[in-house]
Amino acid sequence: MRFIDLFAGLGGFNLALTQAGHECVFASEIDESLRKLYLQNHGILPEGDIKSIKAKDVPEHDILCGGFPCQPFSKAGEQNGFNDEKSGDLFYHIVKILRLRRPSYIILENVANFERHDEGRTWRIAKKILTELGYDVQIKKLSPHWFGVPQIRERVFIVGSRKGLENFIWPEKQTLEQDISIKSVLDVFPDDARNLSEQVVNCILAWQQFINDFPIEESLPSFPIWSMEFGATYPFEEETPWKMGAKSLRNYLGSHGRSLINLSDEELYLALPSYARTKEEKFPKWKIRFIKQNRQLYQVNKHWIDRWLPSIMEFPSSFQKFEWNCKGSERNLSNLILQCRASGLRAKKPTTSPSLVAMTSTQVPIITWENRYMTPRECARLQSMGNLNHLPGSPTAAYKALGNALNVEVVLRITQSLIDEKDIRNEKMNFQIVAN
């Protein structure tokens with residue numbers, strides 16, 4: 001069957017549907033370098049910005065695929081949804097093509113938050129539009145690690161069929177996380193791997209010392225550890241520092257117990273954690289909870305934390321936070337997968353990788369037992385793109401493209417369940433009749 005690949009990127013939909021026996025007849029991608037790369041990998045040059053493409057110029061097709069931009073719906077962004085001026089309206093350009101070409105099937109992908117965005121209103125609008133166009137539609141959150149791929153990457157998939165979805169079954173989870181190993185996608189000391197900087201190595205050592213000093217009879221905290229709260233006393237429950245104002249705030253202590261008494265207004269707020277500088281009258285409940293948990297942690301363990309605290313002070317604020325996401329594991333960071341994120345240094349079991357994001361080079365997963373970052377080729381395997389012949393030339397561009405990509409294995413399984421075998425046979429028969 002014929003399919004089109006919108007917002008094509010590295011061509012995850014192309015890889016999956018071609019493997020399932022279908023033919024790509026059109027693609028669209030706004031990034032010029034990725035357009036050229038798509039031609040190298042898939043033999044078709046995508047058109048550019050979908051906003052400049054007229055629906056009548058899109059060829060007839062049976063399946064429309066698209067991973068439309070996720071930023072308007074992501075929890076990490078401003079969550080403006082369809083109102084996003086830059087990319088929130090791109091869904092409606094998909095609708096224009098559907099209205100004219102009326103393909104039999106739809107497969108769309110977006111971030112896990114899409115279904116819940118704006119209290120579900122965004123999905124209800126999209127579903128209503130697709131239903132009015134004649135499609136029976138379903139939505140479900142899936143992750144590659146369900147199918148043996150060592151990456152936890154929850155994404156929402158939307159399928160639609162003009163023939164109904166009575167016989168469609170979503171792919172079911174087949175693998176448990178503990179039965180997967182990230183080593184299945186890793187090379188051993190690859191030549192092109194980037195080693196950790198001295199700063200990152202020292203940061204890991206500092207948090208390892210924190211773990212070593214933590215009482216062995218107690219479980220490591222499951223909440224994010226924010227070292228800036230160790231010694232801090234600024235208000236956070238009934239009012240925020242911003243609401244309190246500079247004059248009263250000087251009676252309190254800021255990050256790591258720093259005195260605020262003789263600071264200028266500008267210095268005052270910079271002496272607070274970045275998450276406490278927001279101009280709001282009351283913090284959200286989750287932030288209040290995390291601050292309270294960290295201050296309680298400090299009060300109970302002050303006797304040894306005060307000795308450790310100077311070792312973390314030299315690092316940027318993102319390195320002064322830590323997340324232990326591997327309950328029950330040996331307390332040894334050199335055996336775990338790490339990732340430096342804005343939310344802190346995150347530790348995970350070596351079963352699955354953290355979800356790839358359109359990351360900077362410093363956010364790439366860390367293979368601690370080899371003192372290095374994952375390579376672009378290894379990250380490609382996490383997206384089931386290990387056989388892709390060409391990746392972007394620079395590591396930074398490759399990491400970004402792979403972070404934006406979709407997982408081929410997940411899409412392949414959806415496609416195999418969605419597309420009726422009778423439709424494929426009928427399409428082949430029609431093609432043979434036309435050819436003769």
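## Burial and overall dimensions

Of the 436 residues of the protein, 54% are buried, where buried means under 20% relative accessible area, exposed over 50% and partly exposed in between, with a 1.4 Å probe and protein chains only. This is a predicted model, in which local features need pLDDT of at least 70 and side-chain atom pairs count only at pLDDT 80 or more, while totals for chains, interfaces and linings use all residues. Residues are numbered from 1 along each chain as its sequence is written, and side-chain values use heavy atoms, with hydrogens and water left out.

The C-alpha trace spans about 85 × 50 × 40 Å along its principal axes. The protein exposes about 21000 Å², of which carbon and sulfur atoms supply 48%; these areas come from the Shrake-Rupley method with a 1.4 Å probe, and for residues only the protein chains shown count as cover.

## Secondary structure, contacts and charge

The protein has 13 helices and twelve strands. Helices (H or I, at least four residues) and strands (E, at least two) are DSSP runs, numbered from the N terminus. Among contacts (heavy atoms within 4.5 Å) between residues at least 6 apart in sequence, 66% join residues at least 24 apart.

The mean positions of the 55 positive and the 52 negative charges lie 3 Å apart. Lys and Arg count as positive and Asp and Glu as negative, with His and the chain ends not counted; the place of a charge is NZ of Lys, CZ of Arg, CG of Asp or CD of Glu.

## Strand β10

Five of the five residues of strand β10 (residues 344-348) are buried, so β10 is largely enclosed by the rest of the structure. Two strands pair if DSSP finds at least two bridges between them. Strand β8 (residues 321-325) pairs with β10 in the parallel sense over four bridges, and W324 stands opposite A347 in β10.

Strand β9 (residues 337-341) pairs with β10 in the antiparallel sense over five bridges. In this pairing R341 is opposite G344 of β10, and a hairpin through two residues joins β9 to β10.

Most residues other than glycine have a negative phi. D118, which is not a glycine, has a positive phi of about 55 degrees. D118 sits in the loop between β4 (105-111) and α4 (121-132) and is partly exposed, at a relative accessible area of 41%.

F189, also not a glycine, has a positive phi of about 45 degrees. The loop between β6 (155-161) and α5 (198-213) holds F189, which counts as exposed at 52% relative accessibility.
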